[in-house]
Amino acid sequence: MPPAGIPPSRVLPSKESGLFKEVLHYYEDRQLKKGLKTADTILKKFPNHGETLCMKGLILTHMGRREEGLELVKQGIRYDLTSHICWHVFGLIQKGQKNYEEALKSYTQALKFDKDNINILRDAAHLQTQLRHYDALVETRHTLLRLRPQLRQNWIALAVAYTLIGNLTEAKHVLEQFERIVKNVPDYDVEMSEVLLYHVRILEDLGEHNEALALLDTSAKSRMIVDRVAIVEHRARILSQLGKPEAQEAWQGLLEQNPDCYDYYKGFLSNRGIDLDAVTDENRAQALEILQGFSEQFRRAAAPRRIALTIATGDTFKDLFEPYLRSRLAKGIPSVFTDLKALYRDPSKRETIESVAHALLDSLAHAPDAPCPSSIDPTMYIWTLYFLAQHHSHLGRHDRALALLDTALAHTPTLPELYMFRGRVLKRAGDPYGAARWIDQARLLDLQDRFLNARCGKYRLRAGLIEEAGEVFGLFTKKDAPSPAQDLEDMQSLLYLTEEADAQLRIGNYAMALKKYVAIQKVFDDFEDDQFDFHGYSVRKFTINIYLNMLKWEDTLRSHPAYVHAAISASRILVQLHDNPSLATKAASESHLSEAEKKAKKKAKKAEKKVQEETKKAGGNSTNEDKGLEASPPKDDDPDGMKLLQSPEPLERAAKLLKPLSLLAKNNVEAWIAIYDVAVRRKKYLQALQALNQAHRLDAVSPELHIRVVDFKRRWSSLSDSEKPSETVAHVVASSLPSLLPDEVSLEQFNAQYLQRHSARGDAVLAAAKASRALGAPREEVEAAVFNALNADVVLELETAVAIHAFLSEIQSPREDEFRAACKEKFPLSSLFAPRSELPALRKSAVQKEIAEANEEKEEVVS
């Protein structure tokens, strides 16, 4: 008779029961072959024993036979739905597949049948943290603490759970109880030190500053807190919040330890009632006096002098700026302009910077063909030229920047920074081919410099030289990798993935562009998955404070510019596919691999074959090899991205990519425009209207917003009564839309009024022309409107001119060449408006023959 509650099918005779325990033992010791053989012995007599089937499936999964193993586990669950072992095994496999939602469901089922299983509870807690199910996490941590109160980590884990849910009071109570029961803690115990700092952090967040200070001082005196810097930082901050006079001494001590830390200066000034982010005329002089004192005290520190430049105005700024710039240029610091660029937001400071820098250059000037006089520092002279070139290029004066760089190169032709910045100026001026050529010359000055190599590859991608970029990247990637591109993708190089995706998009290769954008998405998925191991490690090792910081960072992970850009760009491709499905079939018919891609594919096959042979040999030697529960990276069966491009439901895929941006990129107009484009095509009219309202809040006169407002009104008006959504949605649209486009104004009038208000903006002219085209205006009228962007009173940026040229090409305008010629005259440094017949020569010039030959000669230098 089986025990109550246990189904008869689960109960095994004593011999087989002993064998099942051996299976568990062999699995834990990773003696997989013996475990498999023992499981088969049980299944010969009891083929429907669910727990044995699940354990066999788990062992097979570890041996690499994943599909077979998963099927056996599912079969085992069907035979024994009330076994915690079956559900636990299923959860383990799902966790290995990174299917955390389903894994947590399996663990929840397992806990129904064995609610006090420590291993299952611990794994469930990790999954709840990963999925941010903090309410359930608190309950799970309570159970673990009840079962094992003697484990210190269970107390800390519960406090962390309360912190994550926002209940800091309960977290404080847990820590207080923990500290009362802990005995015989040695001096300088790192784990206890972290706990006490965590306790201080919670008290500070609760606003209990006196208690936090008392705990901090007591723990510091008793040598319980190891991190001395953290003690002083917490103490200075808490004393400031309490308004105590000792705060100034604490901040002073921190500044003496690290006089280049901006946060310490901010804390010191804040303690004196000065907010560095909002300095007023009343306290400006006091702040400058304090910073001047620190500049004299810490003569080698740059921070007080730089902060003073941000605060100072007028003649005071000029008096402070001149020695600052002179000292930086005399030391030959290349990043001076980057350091000062934030000051350019103030026009008066920008003018002062220019006048001081030019006066300095005039004092250093000498005949270019004569040797440098002994009274002039040649280092300062060359870096002053470099700084001024950066200054003028930043302000759009590319001709002056190039002239200064020519002078600098004539003086010092061996400085890579000069070549690099010349390339950057040409890139800004619209000449990607010239930019790539000059960056290549910089690279050849030092072939062992990875930064120069990466920059050269980046600029080649921007010039559309994808194969040539791969050759350069290949100099520093693994030699046994299938291809440089694959190695860089495996290394999660966001710079490379973004630049290649953009390059493929510019040449119209939507399949490869989409593939690279999706690869960026996968990188961020990996970042998110990587945090899983820390849910157990950080609590076990008591690295609590940095762990909480990591969770906070992970919650905003997809606000990273690389993800935002990739999501928006990929969604645009998917929207185009929805609007014109023939793009996918057209791309398939036109797809052909270049010579470099063919070589890379052949090399990849060879490398894969070699790996298979090595695996086969290793398999013969080690039949117990544990391949883990995590699946190996899948084989790339879509080298040209066509399968991805032709996947169904492009709008649903785009919506999934854009979903995080509605929370994490709230201040990005482009993100809201992309969300609108997807939502309106999915007939999610409220979501589309919300996106328009959010974009309007950020930039009411955005040209892209204007096009979408016209589009929404036109789509909404064209809906029949049967096509319109519910009355509630219709009511919300009717009440909200007039704030964007008044009911009494027709779409044609709205478009004309917008153009009239913003006729001096080239991007607004283009937006109005696109809206006219959407409203059915004749092509001649649209062309005439677009050509107004060339008027002398219109501010036409290079980017807008390129967009207008693309628009004329899209509508098959016969005046396309006319506009190209006008732009070529307006932007003389740009090669973007060169006729198609000139493009092969431009591409060839970007990688000069003599440069390529020199590269071959010097390639052996690269190690």
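How far is the sulfur of C54 from the closest cysteine sulfur, and in which residue does that sulfur lie? I found the partner in C86, 3.5 Å away, too far for a bond. For a disulfide I need two cysteine sulfur atoms within 2.5 Å. My search of the whole structure returned zero disulfides.

I note the ground rules. This is a predicted model, where local features need pLDDT of at least 70 and side-chain atom pairs count only at pLDDT 80 or more, while totals for chains, interfaces and linings use all residues. Residues are numbered from 1 along each chain as its sequence is written, and side-chain values use heavy atoms, with hydrogens and water left out.

**Cysteine burial.** I looked up C54 and got 0% relative accessibility, so C54 counts as buried. C86 also has 0% and counts as buried. My cut-offs are under 20% relative accessible area for buried, over 50% for exposed, and partly exposed in between (1.4 Å probe, protein chains only).

**Cores.** I define a nonpolar core as buried Ala, Val, Leu, Ile, Met, Phe, Trp, Tyr and Cys residues joined through side-chain atoms within 4.5 Å. The largest has 126 residues, and Y265, L325, L340 and F387 touch the most other members. Helix α21 (residues 378-394) gives the most to this core, with nine residues. Helices here are DSSP runs (H or I, at least four residues), numbered from the N terminus. A second, separate core holds 74 residues, including A503, L651, L692 and V729.

I then listed contacts of Y265 (heavy atoms within 4.5 Å). Beyond its neighbours within four places in sequence, Y265 touches L255, P259 and L291, among others.

**Salt bridges.** I count 40 in the structure. The criterion is a side-chain nitrogen of Lys or Arg within 4 Å of a carboxyl oxygen of Asp or Glu.

K45 pairs with E16, with the closest N and O atoms 3.3 Å apart. K45 sits in helix α2 (residues 32-45) and E16 in helix α1 (residues 14-28), so the pair ties together parts 29 residues apart in sequence. K45 is exposed at 54%; E16 is buried at 5%.

Next I checked helix α40 (residues 703-718), where R708 and E704 are four residues apart, about one helical turn. Their closest N and O atoms are 2.4 Å apart. R708 is buried at 14%, whereas E704 is partly exposed at 36%. D711 and R715 also lie in helix α40, four residues apart. I read 2.9 Å between their closest N and O atoms.

Terms used:
Helix = DSSP H or I, 4+ residues; strand = E, 2+ residues; numbered from the N terminus.
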